[in-house]
Structure formats: structure tokens, C-alpha cells
Amino acid sequence: MKRLIVALVAPSALFLAAGALAQAPGKAVVLASDIPVAHTPPGFWKTFPAPVLARCTEPLAPGAPDLRGVWTGDNGGKTHIERIQQCGDRVVIDGGGVTHDMRADGVLAHGVDDIAAGTAMPIKVAAVFENNGLSLKPFGGPTRVTRVLQGDVLVFTYVGKVILLHRIAALPPGT
């Protein structure tokens, strides 16, 4: 009987150890929840801050589209640049002087609790992954902002505007 118990326990112990090594050999696993939530600094930021989720090793949440990267597009004659970071169900979007850090789980309390770009008005926004994108629901109401991946284009829709964003390799110098 002892051999049978050892035989049943040993493979599961080996499986767990092998899984931990395969995920991050020699390094501790860093979950999205291990990293403090980021906020926009007073007066906005003038150059992009350091990435918030850079050390996170948690895989993307099941069903989450991979929106990670630096995106740029034309916004009525002005260049729009934003960086999207993802880890687990967490998303951090830097752009327009603001940092919006959220969990894309549809819960308002886990969403953005920050200020709006350009106005510094306080905002609370629930976020959820749906339709191959990220939907934002200010104050838990209906969807008002979306970022939907369509092939190689990220379609960013907000306040009646649509900006077609294209992924670039890195932030342009000086941004």
C-alpha cells in the first residue's frame, strides 16, 4: 500500500515542480496582484513612465486578446501614442499624460480609479475583455471606450471618435 501512495503522490509532485520551472526557471513567479496599482502623477506625466508590469510573469487571462505594445495613429492631425501592458487580467494603458491601471474583470472597484486625459476630472471605469478587445464602462455604466484588435490594427473608439492604431517597435525618442 505504501508503494501505491508514493506512486500516486510522486508524479503530481514532479508535475508541479516541472511546471514551476518551465514558467520561470530560477526566478520567482510575479503575479499581477504582486505589483502596486499605478496612477497618473499630479499634473500628468510629460514623458512615458517606466513600464508598470515589466516584471510580471503571470500569463494573460484566458480569452484576453494580446493588446500589448506601443501603438500609434492619427487623431485629427495629431499623433496619438499609447503603450498597453498586460499581465493576467490586468491592463495598464499609458497615453496622453495619464496612466490607467485596471483589472479587466468587469468589476468597477477593480477598474480605473484615476483622472481623465486632458481634463484631470476624476474617473472610475470598469473594464472587461470582450469582442477581441477591451471595453471600458465609465462609472460601471454602458461601454463608452473600446480598443478592439482587428488583424494588425487596434481600433480605438471613444467619445464618438475612431482612431486606427498601428503597433510600432518602441516608443519614439523623447516621448
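Residues 24 or more positions apart account for 46% of the contacts in the chain with a separation of 6 or more, where contact means heavy atoms within 4.5 Å. The model on the screen is predicted: local features need pLDDT of at least 70, side-chain atom pairs count only at pLDDT 80 or more, and totals for chains, interfaces and linings use all residues. Residues are numbered from 1 along each chain as its sequence is written, and side-chain values use heavy atoms, with hydrogens and water left out.

**Stop 1: the whole chain**

Display the chain as a cartoon. One helix and ten strands are present; helices (H or I, at least four residues) and strands (E, at least two) are DSSP runs, numbered from the N terminus. Followed along the sequence, the pattern is α-β-β-β-β-β-β-β-β-β-β. Of the 175 residues in the chain, 39% are buried. Here buried means under 20% relative accessible area, exposed over 50%, and partly exposed in between, with a 1.4 Å probe and protein chains only.

**Stop 2: V70 and A170**

Select V70, which is found in strand 1, a run that covers residues 69-75. Which residue lies 100 residues away from V70 in sequence and 6.1 Å away in space, C-alpha to C-alpha? That residue is A170. When neighbours within four places in sequence are left aside, the contacts of V70 are I81, E82, R83, H166, R167, I168, A170 and L171. V70 counts as buried because its relative accessible area is 8%.

**Stop 3: the disulfide**

A disulfide is a covalent bond between the sulfur atoms of two cysteines. In this model the sulfur atoms of C56 and C87 are 1.7 Å apart. The link of C56 and C87 is left-handed, with -55° about the S-S bond. C56 lies in the loop between helix 1 and strand 1 and C87 in strand 2, so the pair ties together parts that are 31 residues apart in sequence. Are these cysteines buried or exposed? C56 is buried, at 14% relative accessibility, and C87 is also buried, at 1%.

**Stop 4: T40**

Move to T40, in the loop between helix 1 (2-23) and strand 1 (69-75). T40 is buried, because its relative accessible area is 11%. Show the side chain of T40 and that of D114: the two make a polar contact of 2.5 Å. A polar contact is a pair of N or O atoms within 3.5 Å; within protein, one must be able to donate a hydrogen and the other to accept it, and residues adjacent in sequence count only if both atoms are side-chain atoms. A polar atom of the T40 side chain also lies 2.9 Å from the backbone nitrogen of T99. Not counting residues up to four places away in sequence, T40 touches G97, V98, T99, D114 and I115.

**Stop 5: the largest pocket**

Select G95, V98, A117, F156 and Y158, which lie nearest the centre of the largest pocket among its 36 lining residues. On a 1 Å grid over the protein atoms alone, a pocket is an open set of points where a 1.4 Å probe fits, with protein on both sides within 12 Å along at least five of seven lines; lining residues have an atom within 4 Å of a point. The largest pocket holds about 1100 Å³ of space, a volume being the space filled by probe spheres set on the points.

Which strand gives the most to the lining of the largest pocket? Strand 2 does, with five residues. The lining divides into 20 nonpolar, eleven polar and five charged residues. Ala, Val, Leu, Ile, Met, Phe, Trp, Tyr, Cys and Pro count as nonpolar, Asp, Glu, Lys and Arg as charged, and the others, Gly among them, as polar.

**Stop 6: S135**

Select S135, in strand 7. S135 is buried, because its relative accessibility is 4%. The side chains of S135 and E130 are joined by a polar contact of 2.8 Å.

**Stop 7: two positive phi angles**

Most residues other than glycine have a negative phi. Select N131, in the loop between strand 6 (122-130) and strand 7 (133-138): its phi is near 55°. F139, in the loop between strand 7 and strand 8 (145-150), has a positive phi of about 55°. N131 is exposed, with a relative accessible area of 67%, and F139 is exposed, at 55%.

Notes:
A disulfide is a pair of cysteine sulfur atoms within 2.5 Å.
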